[in-house]
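Hi,

Here is the model I said I would pass on. Have a look at it first, and then read my notes below.

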Amino acid sequence: ELKVEQNPLFLSMQEGKNYTIYCNYSTTSDRLYWYRQDPGKSLESLFVLLSNGAVKQEGRLMASLDTKARLSTLHITAAVHDLSATYFCAVGLGGGSNYKLTFGKGTLLTVNP
Amino acid sequence: DSGVTQTPKHLITATGQRVTLRCSPRSGDLSVYWYQQSLDQGLQFLIQYYNGEERAKGNILERFSAQQFPDLHSELNLSSLELGDSALYFCASSASSGGAADTQYFGPGTRLTVL
């Protein structure tokens, strides 16, 4: 069974600081997704990572994937209040009727002024 | 605004009942995905349809079913409802058949409460 663990689950940080959210998964996979969810809102797709060493950046967020370590990271640079949200990673496996997409529990990020 | 619409926004019903949730994808998108988000289970992928055909199946219960119509809107049918089915149900759409790199756009969700 594919397990996805995110840590930390709660992260309170000051504006201007850097931090990293970790996403570990238990089984070899060919796709890793990051999503953002604002309080009371829907999900927003942030990144999809498909290969070992893949790195994607959008603004102050950078995601990377190490398939050998079964680890993805979401790095936040010089955090601002607008980044406060819950961030989910999800790992995909298989296809068709055997497709599995397993989400982590999410990291609630609060950026304080 | 993602361009994906879902109705209704809220739904309150009783155990044992059946409900239908509706999703209209972004204009031109061929794939629709359904997700469930609850406090107990977290986020779960339920099912994907592409151009009217079931494409991928996740953790969807046998009491639940979905379909995608010729105009590409989709419906998720939940029957014999239990208290544990109370959750937010999101749909998402994407342009193509849902290849790994396909970006999904999420609707605002339907909050289902089963009493």
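How many residues does the contact take from chain A and from chain B? The contact draws on 18 residues from chain A and 18 residues from chain B. Before you read on, keep in mind that this is a predicted model, so everything below is computed from it.

**The interface**

Together, chain A and chain B bury about 1400 Å², and 60% of that is on carbon and sulfur atoms. On the chain A side, the residues that lose the most area to chain B are Ser42(A), Leu43(A) and Phe103(A), which together make up 31% of what that side buries.

What about charges and polar groups across the interface? The rule finds zero salt bridges between chain A and chain B. Polar contacts do turn up there: the count is three residue pairs, with both residues at pLDDT 80 or more. As for where the chain A side comes from, strand S4 (31–37), strand S5 (43–49) and strand S10 (100–103) of chain A each supply at least two residues to it. Sorted by class, the side of chain A that touches chain B has nine nonpolar, five polar and four charged residues.

**The two chains**

Now the chains one at a time. Chain A has zero helices and eleven strands, and its pattern along the sequence reads β-β-β-β-β-β-β-β-β-β-β. Its radius of gyration is 14 Å, which agrees with the value near 13 Å that a compact globule of 113 residues would have. The C-alpha atoms of chain A fill a box of roughly 45 × 30 × 20 Å along the principal axes. Of its 113 residues, 43% count as buried. Looking at contacts in chain A with a separation of 6 or more, 54% are between residues 24 or more positions apart.

Chain B comes to zero helices and eleven strands, running β-β-β-β-β-β-β-β-β-β-β from the N terminus on. Its radius of gyration is 13 Å, close to the 13 Å that the globule rule gives for 115 residues, so chain B is as compact as a globular protein of that length. Here the C-alpha box is roughly 35 × 25 × 25 Å, again taken along the principal axes. Buried residues account for 50% of the 115 residues in chain B. For contacts in chain B with a separation of 6 or more, the share from residues 24 or more positions apart is 55%.

**Salt bridges**

How many salt bridges does the structure hold over all chains? There are four. In chain A, Arg36(A) pairs with Asp38(A), with the closest N and O atoms 2.8 Å apart. Arg36(A) counts as buried because its relative accessibility is 13%, under the 20% cut-off. Asp38(A) is partly exposed, at 28%.

In chain B, Arg26(B) forms a salt bridge with Asp29(B), the closest N and O atoms being 2.9 Å apart. Arg26(B) is partly exposed at 23% relative accessible area, whereas Asp29(B) is buried at 2%.

Another salt bridge in chain B joins the side chains of Arg63(B) and Glu82(B), at 3.7 Å from N to O. What does this pair tie together? Arg63(B) lies in the loop between strand S6 (53–57) and strand S7 (64–68) of chain B, and Glu82(B) in the loop between strand S8 (74–78) and strand S9 (87–94) of chain B, so the pair ties together parts that are 19 residues apart in sequence. Glu82(B) is partly exposed, with a relative accessible area of 43%. Salt bridges with shared partners also bring in Asp85(B), so that Arg63(B), Glu82(B) and Asp85(B) form one network.

**One residue to look at: Thr27(A)**

Thr27(A) is in the loop between strand S3 (19–25) and S4 of chain A. Is Thr27(A) buried, exposed or partly exposed? Its relative accessible area is 29%, which means that Thr27(A) is partly exposed. Leaving out residues up to four places away in sequence, Thr27(A) touches Glu1(A), Leu2(A), Arg70(A) and Leu93(A). The side chains of Thr27(A) and Ser26(A) are joined by a polar contact of 3.5 Å. Between Thr27(A) and Val80(A) there are 34 Å in space, C-alpha to C-alpha, and the two are 53 residues apart in sequence.

Cheers

How values were computed: Residues are numbered from 1 along each chain as its sequence is written. Chains are lettered from A and ligands numbered from 1 in the order in which they are written. This is a predicted model: local features need pLDDT of at least 70, side-chain atom pairs count only at pLDDT 80 or more; totals for chains, interfaces and linings use all residues. Side-chain values use heavy atoms; hydrogens and water are left out. Contact means heavy atoms within 4.5 Å. Buried area is the accessible area (1.4 Å probe) that two parts lose on being put together, summed over both. A polar contact is a pair of N or O atoms within 3.5 Å; within protein, one must be able to donate a hydrogen and the other to accept it, and residues adjacent in sequence count only if both atoms are side-chain atoms. Helices (H or I, at least four residues) and strands (E, at least two) are DSSP runs, numbered from the N terminus. Ala, Val, Leu, Ile, Met, Phe, Trp, Tyr, Cys and Pro count as nonpolar, Asp, Glu, Lys and Arg as charged, and the others, Gly among them, as polar. Buried means under 20% relative accessible area, exposed over 50%, partly exposed in between (1.4 Å probe, protein chains only). The radius of gyration is taken over C-alpha atoms; the globule rule is 2.2 Å times the number of residues to the power 0.38.
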